[in-house]
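Let's take a walk through a protein model together.

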Amino acid sequence: MVSVFNTTEAATMLGLSRPTLMKLVESVEIDHVKVGTHHRIPAQAILDFQRARNARRAKAAEALAEFSDEIGLVD
């Protein structure tokens, strides 16, 4: 059985507001299924989004550290 969550639950798990989650759903950044008129977010979609977000954050932090080194902000 696949675990699915309503948008309020998924938003809470991801630390997002529900409107922000809905924007991500509508832009297809988070996979979802529709049950009638309601959106449901599979657990795997939540995990995939978290992994992608963490990877983007790590890449941005690395780029910032490199830039700081280049301009001499880091001792």
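Leaving aside its neighbours within four places in sequence, which residues is His39 in contact with? Before we get to that, know that you're looking at a predicted model, where local features need pLDDT of at least 70 and side-chain atom pairs count only at pLDDT 80 or more, while totals for chains, interfaces and linings use all residues. Residues are numbered from 1 along each chain as its sequence is written, and side-chain values use heavy atoms, with hydrogens and water left out.

Now for His39: its partners are Phe5, Asn6, Thr7, Met22, Val25, His32, Val33 and Lys34, where contact means heavy atoms within 4.5 Å. You'll find His39 in strand S3. It counts as buried because its relative accessibility is 17%; buried means under 20% relative accessible area, exposed over 50%, and partly exposed in between, with a 1.4 Å probe and protein chains only.

Let's zoom out. The protein has three helices and three strands, and from the N terminus on they run β-α-α-β-β-α. The radius of gyration is 17 Å, well over the 11 Å that the globule rule gives for 75 residues, so the protein is more spread out than a compact globule. (That radius is taken over C-alpha atoms, and the rule is 2.2 Å times the number of residues to the power 0.38.) Along its principal axes, the C-alpha trace spans about 55 × 25 × 20 Å. Of the 75 residues, 23% count as buried.

Next, follow helix H3, residues 43-71. Helices (H or I, at least four residues) and strands (E, at least two) are DSSP runs, numbered from the N terminus. Look for Ala45, Ile46, Phe49, Arg53 and Ser68, which are buried in H3. Their cover includes strand S1 (4-6), helix H1 (7-14), helix H2 (18-26) and strand S3 (38-42).

One last stop: Val28, in the loop between H2 and strand S2 (33-35). Is Val28 buried or exposed? It counts as exposed, because its relative accessibility is 64%. Phi of Val28 is also positive, near 65°, in a residue other than glycine.

Key. The expected span of a helix is 1.5 Å times one less than its number of residues.
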